[in-house]
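Hi,

Here is the structure I promised to pass on. Have a look at it first, and then read on for what turned up.

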Amino acid sequence: MPKRTRFTTWRPLATAATAALMATLLTPVAAQAAPGESRPVHSYENAIREAVWVDTGLDGDRDGRTDRVAVDIVRPREPARQGRKVPVIMDASPYYSCCGRGNESQKKTYDANGTVTRMPLYYDNYFVPRGYAFVGVDLAGTNRSDGCVDVGGRSDVQSAKAVVDWLNGRAKAYTTRTGTTRAKAAWTNGRTGMIGKSWDGTIANGVAATGVEGLKTIVPISAISSWYDYYFQQGAPLYDSGPAWLSDYVDSPDARAKCAAVQQKLVDGAPRTGDWTPLWTERDYVRAARKVKASVFLVHGMQDLNVRMKHVGPWWDALAKNGVERKIWLSQTGHVDPFDFRRGAWVETLHRWFDHELMGYDNGIDREPMADIERAPDQWTTSKTWPPSGTRAATLRPDRGTQAGVGTLGLHRGHGTETFTDDPQLSETDWAAQIDKSTPAKAGFVTRPLTRDLRLSGSSEVTVTATPSTPTAHLSAVLVDIGPATIRDYADAGEGITTLTDRTCWGASTTGDSSCFKETKAKTADVGYTIVSRGWADLGNHASDLKGAPLTPGKRYTITLDLAATDHVVPEGHRLALIVAGTDKGLIDPPADTPELSVDLSRTSARVPFVGGATAFARATMGAASATPDATLLNGVRDPRTAHRVPEGSK
């Protein structure tokens, strides 16, 4: 069985004064810290800063020599003098020069000799004084590396895997990009932890899925687990772009000049039909989860509309099936790093996690509850396991109500049909805002007001039987909590946070690399409904998730839509709604036609995981039906933004 992990309540580190004091603890006074904790006893200012180029064994840019990826290293000088070897924290990224990392979009900077002077983020500032080396890897085709970006494929993953191999004595590295002088990693014990947000965390997933020896843990934050699910869901296109556009976005000038063949492969291998191709198989880390040996500390925003929660459920379940030690944080934010929504608790928890996984300290983090979940802005709860024990799927049935498109949701089989017409100008926010009103573009089904809280935890699915009027049709299914709440405003530009001007410091600083970062606070919204989970599909994929086909107008089809994992409590007095509609504006692209769809309610259902299962749902909905709700417009967050989304963190 996997170990159960999380932290409980930690000593707060929220004030600038306290954090600055921690940043200067470079003397034996730190010996007063609790046993089993790495302490900041090494000089950051005098740390060794160096670069090597690791040979990946690939020739992606076809220049006749194998590609070398640039690896910038910051490591404590004192252990090296004493002959002691240190573990490694690694962030492999395509963003170190093109776009920047973190909330302040920091880039690597170098001195006149090409030695890194600023490493983005706080990992080196905080962990190097505590006896770790920090390694920042430029993915192939980016910054100072050779090769080509292939968007999660073999080259991307090998860029970082080769570095893990080098750290463990299995690969070659050189002191320059083109020279022959070898560089050895004699200063490390090879124990490596990978961390990163978005594309960086995605590479951590991909490297872990190779089963490489020496990778002890990964911390993927808002990360992709299958690249197909970044661009499509069950045939429905999520963005009007593909991996070739993304590759060009991060390519170095040198790579753009050499990588036309790789770009063309990305175009050819990712047709906008949404059909599964070998390109997607290569970039599906879930299929290789059986190879994962590293522990996984996963962090994700439940309202992330960039790297969506669809990337959490299948990956988490596959890791569980294979007995991987796991830990999870789920926030109310969008695509936001925990350093920017729960800073003090995050840094201390991450510190303990790396101490346990890389230093081998028995600090108890592996015996603590597995999950932290944000219930309301800055209000967190824990679960011993995730999903909690006792969670079981209940089959919910939509049924007709007294108005067209305004039905009920319960445990008994429905009857009749509901009809709606796809309107590509409307989104889930439009549908939910008018849940109690008959509108032509959606069919909505709502429970009675709950007599007790009802917790959803895990992944849902909605089976829809529909008859289209056209040869193409897209479907959306959305679960909604109907009732007033204050939530993080994930649709705002900050995706649930506001960046302040005050700074707090997390580690030691140098003239060129400050450990001080702008503080944030929760950006909230008072709403009348909350979107809980979403899923989309092309009805043409009814027979297979892998390949679509034209529809026959007037023929009935059945398809099951996968809804993203979540963890949400619908409070007493609120209602739970299921909405079935067409194009979800800003989140999927419309079909070629504008179909009318007739939904057979007797053959339509939702499988929703509740803590307590169907019994809990029945108990929560057994009260008397409420009076007919006032069909006023409910307020919510703004519409999802239509844009070229990029799996990165700068805003």
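Predicted model: local features only at pLDDT ≥ 70, side-chain atom pairs only at ≥ 80, totals over all residues.

If you want a spot to start from, find Ala485, which stands opposite Val527 in β25.

Now for the nonpolar cores. The largest one has 104 residues, and the residues with the most contacts inside it are Met90, Trp166, Trp187, Met194, Trp199 and Trp227. Helix α4 (residues 154-167) gives the most to this core, with seven residues. There is also a second, separate core of 37 residues, which includes Leu396, Leu450, Ala466 and Ala537.

Leaving out neighbours within four places in sequence, Trp166 is in contact with Val52, Val54, Ile73, Ala171, Lys172, Ala173, Ala183, Lys184, Ala185 and Trp187.

One more residue to look at is Gln158, found in helix α4. With a relative accessible area of 19%, Gln158 falls under the 20% cut-off, so it counts as buried. Not counting residues up to four places away in sequence, Gln158 touches Thr56 and Leu58.

Cheers

Key: Residues numbered from 1 in each chain as written. Heavy atoms only, no water. Pairing = 2+ DSSP bridges. Helix = DSSP H or I, 4+ residues; strand = E, 2+ residues; numbered from the N terminus. Core = buried A, V, L, I, M, F, W, Y, C linked by side-chain atoms within 4.5 Å. Buried < 20%, exposed > 50% of the residue type's maximum accessible area, 1.4 Å probe, protein only. Contact = heavy atoms within 4.5 Å.
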